[in-house]
Amino acid sequence: AEQTLESKNWYQGTADAVRQNLRHIVSRGGVDRALILSGDQLYRMNYRALLEQHVSTGAEVTVATTPVRPEAARGFGIMQVAGDGRVTRFVEKPTDPGALASLRVDWSTVQGLDEPVDPESLPASMGIYVFNRAVLADALSGNEADFGKHVIPRLIDTRRVFAFQHQGYWEDIG
């Protein structure tokens with residue numbers, strides 16, 4: 001975290017942290033995409049596969065997800081994902097059992113899975129995102145503090161937001 005002449009505030013959330021550093025991303029020529037990584041997880045991921053899927057789907061935003069059991073879903077941002085991988089709904093830390101039931105995914109229709117997924121599991125955000133540079137700048141033009149609570153749910157209706165279904169090792173330590 002840094003304090004600057006423009007802002008004396010420490011980071012208020014993930015989106016705010018990226019916003020405060022956006023000038024470093026935007027000022028770099030030749031940078032078309034930004035990979036945003038959360039700092040409170042242990043995982044093994046091939047970022048190249050994530051970026052290749054982002055490009056091949058024509059996504060403007062890609063959210064890395066991992067399957068979680070419904071009883072653990074209340075601690076994460078849960079997505080509804082169409083068969084083509086597009087995110088159609090995002091609920092941050094759902095507590096309503098009806099909301100959880102409505103977020104069920106038919107994993108047999110989801111493309112790009114290397115191995116079977118527990119059919120009861122739900123796709124949870126890992127806090128790892130790929131943004132096209134211009135979309136990131138536009139998405140952070142407001143003052144929202146968090147990607148999961150504020151930015152991603154808002155973008156679903158106006159941008160091409162896709163899920164990358166991570167199937168490797170992952171553990172939330174936050």
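Visitor: What is the mean pLDDT of the protein?
Guide: The model is predicted, and pLDDT is the predictor's confidence in each residue. Of the residues in this protein, 92% reach 70 or more, and the mean pLDDT is 85.

Visitor: Which element has the lowest mean pLDDT, and which the highest?
Guide: Where pLDDT is low, the predicted coordinates should not be read in detail. Helix α2, covering residues 22-26, has the lowest mean among the elements, at 73. The highest mean, 95, belongs to α3.

Visitor: Which residues touch the most other members of the largest nonpolar core?
Guide: In soluble globular proteins, nonpolar side chains tend to be buried together. The largest nonpolar core here has 24 residues, and its largest share, four residues, comes from α6. The members that touch the most others are Val61, Phe131, Leu136, Leu140, Phe147 and Ile152.

Visitor: Which residues does Val61 touch, not counting residues up to four places away in sequence?
Guide: Val61 is among the residues of the largest core that touch the most other members. Leaving aside residues up to four places away in sequence, Val61 touches His54, Val130, Phe131, Val135, Ile152, Leu155, Arg160, Val161 and Phe162.

Visitor: How many residues does the second, separate core include?
Guide: Beside the largest core of 24 residues, a second core stands separate. Leu50, Phe76, Leu103 and Ala124 are among its members, and its size is 17 residues.

Visitor: How many residues apart in sequence are the parts tied together by the salt bridge of Glu60 with Arg159?
Guide: The closest N and O atoms of Glu60 and Arg159 are 3.0 Å apart in this salt bridge. Glu60 lies in the loop between α3 (47-57) and β3 (61-68), and Arg159 in the loop between α6 (147-155) and β7 (161-165), so the pair ties together parts whose separation in sequence is 99 residues.

Visitor: Is Glu60 buried or exposed?
Guide: Buried means under 20% relative accessible area. Glu60 has a relative accessibility of 18%, and therefore Glu60 counts as buried.

Visitor: Which residues are linked with Glu60 in a network of salt bridges?
Guide: The structure holds five salt bridges, and one of them joins Glu60 to Arg159. The network that contains Glu60 also links Asp138 and Arg159.

Visitor: Where do Glu144 and Arg154 lie?
Guide: The side chains of these two residues meet in a salt bridge, at 3.3 Å from N to O. The pair links distant parts of the chain, 10 residues apart: Glu144 is in the loop between α5 (133-139) and α6, and Arg154 is in helix α6.

Visitor: Which residues make the nonpolar surface patch of about 300 Å²?
Guide: Patches are made of residues with over 30% relative accessible area. Leu42, found in strand β2 (residues 41-43), is partly exposed at 42%. The patch is made by Leu42, Tyr169 and Ile173.

Visitor: How far apart in space are Gln20 and Leu42, C-alpha to C-alpha?
Guide: Gln20 lies in helix α1 (residues 14-20) and is buried, with a relative accessible area of 13%. Gln20 and Leu42 are 22 residues apart in sequence, while their C-alpha atoms are separated in space by 25 Å.

Visitor: What is the phi of Lys93?
Guide: Most residues other than glycine have a negative phi. Lys93 is found in the loop between β5 (87-92) and α4 (97-102). Although Lys93 is not a glycine, its phi is positive, at about 45 degrees.

Note on methods:
Residues numbered from 1 in each chain as written. Predicted model: local features only at pLDDT ≥ 70, side-chain atom pairs only at ≥ 80, totals over all residues. Heavy atoms only, no water. Patch = residues over 30% accessible without salt bridge, like charges linked within 9 Å, V, L, I, M, F, W, Y side chains within 5 Å. Areas by Shrake-Rupley, 256 points an atom, 1.4 Å probe, with all protein chains shown as cover. Salt bridge = Lys/Arg side-chain N within 4 Å of Asp/Glu carboxyl O. Helix = DSSP H or I, 4+ residues; strand = E, 2+ residues; numbered from the N terminus. Buried < 20%, exposed > 50% of the residue type's maximum accessible area, 1.4 Å probe, protein only. Core = buried A, V, L, I, M, F, W, Y, C linked by side-chain atoms within 4.5 Å. Contact = heavy atoms within 4.5 Å. pLDDT = per-residue confidence, 0-100.
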